[in-house]
Amino acid sequence: MRTYIFGPVPSRRLGISLGVDLTPTKTCSYDCLYCQLSRTRFHTSERSQFCDPEEVLRELRSVLSEIARPDWITISGTGEPTLHSGLGLILAEIKKLESAPSCVITNTSLMHLPEVRQELMLADRLLPTVSTVNQRSFQRIHRPTSNLRLERILEGLQLFARDYTGSIEVEIFVCPGINDSAEEIAGLRDYLRNLANLESVYLNTAVRVPLEGEIKTADQGLLNNFRTALNLAIPVTTAFEHNFIPPRSSDWNRPAASSDIIKLLLRHPCSEKQLEQVLSSAPDTILAMLCELVTEGKVKQTSNGDWTLID
Ligand code: SF4
């Protein structure tokens, strides 16, 4: 039974990614309007040792011995990973394993803390979210804990980027009607143009059914217009251009089981094709397992054809 490691999962930006989840479900400094998981259960910006780093690393080593080399070991999951006070130790140990490069997906909220910046230096890649430079929009989109100030967060990311030698890809979560005005985009453009070592920008949107009615999905046309208005000299890609899941050879030491599907869907709704690729299984096998899970009332198919868990 795994507690901290999930996947490998197909990731829009990372190919085959083995996930590391360091916080209890929905422990987060934000409570984003667009969060796919649920409302934040433990809303905090206090760092803590939510789990024993040694246990995480033990489980990680064990999973790595069972699977083919993933493209990335990604620290993300069901909460904000920089809230874990052992993040630096875990990243340092991942580096020693030499199994795959490490990546941290962060909501950026703790970048004002020097210790967080120092720990994140150990990651090979950072995917921070910066959806606005406007405090009011920040409050509306992310619903942060009351002590967080956007200005300090943005300054912290600038300080970090200046010295970081890994790669940075900023995610902008486009929320139509909130952060897509000309003024909002101009503010983001000015900030991103001054962010050292920024390699690329990813325009995300609520591609899956949002949990809250207030948030709308941006279509490809809106994202294209957003990209044009950003006018950056680095690659800017969108959620709709990242649907290709790379094929993967079958190196599992055991046949896929329906529990593997549950673990994948817990973090990431998937199409049948994606499940076939990630679990290296025939279409009939995946379909049979999905039928079994439907009968058990555990999964359902969404209107766009992806499979997801039933709460
Ligand atoms: S930062 Fe991530 S986990 Fe936290 S509320 Fe926002 S989307 Fe959900």
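1. Two strands pair if DSSP finds at least two bridges between them. Strands here are DSSP E runs of at least two residues, numbered from the N terminus. Strand β5 (residues 72-76) pairs with β6 in the parallel sense, over three bridges. Within this pairing, I73 stands opposite S102 of β6.

2. A word on the model. It is predicted: local features need pLDDT of at least 70, side-chain atom pairs count only at pLDDT 80 or more, and totals for chains, interfaces and linings use all residues. Residue numbers start from 1 along each chain as its sequence is written.

3. Look next at β6 (residues 102-106). Five of its five residues are buried (20 or more other C-beta atoms within 10 Å of a residue's own, with C-beta atoms placed from the backbone). In a regular strand the side chains alternate between the two faces of the sheet. In β6, S102, V104 and T106 are buried on one side, and C103 and I105 on the other.

4. The protein has domain 1 (5-246) and domain 2 (250-311); the bounds come from an automatic or database domain assignment. Their C-alpha centres lie 25 Å apart.

5. The largest nonpolar core has 72 residues. Such a core is a set of buried Ala, Val, Leu, Ile, Met, Phe, Trp, Tyr and Cys residues joined through C-beta atoms within 7 Å. V20, I172, V174 and L203 have the most contacts inside this core. Each of domain 1 and domain 2 gives the core at least three residues.

Definitions and conventions: A residue is buried if 20 or more other C-beta atoms lie within 10 Å of its own, exposed if 12 or fewer, and partly exposed in between; C-beta atoms are placed from the backbone. Helices (H or I, at least four residues) and strands (E, at least two) are DSSP runs, numbered from the N terminus.
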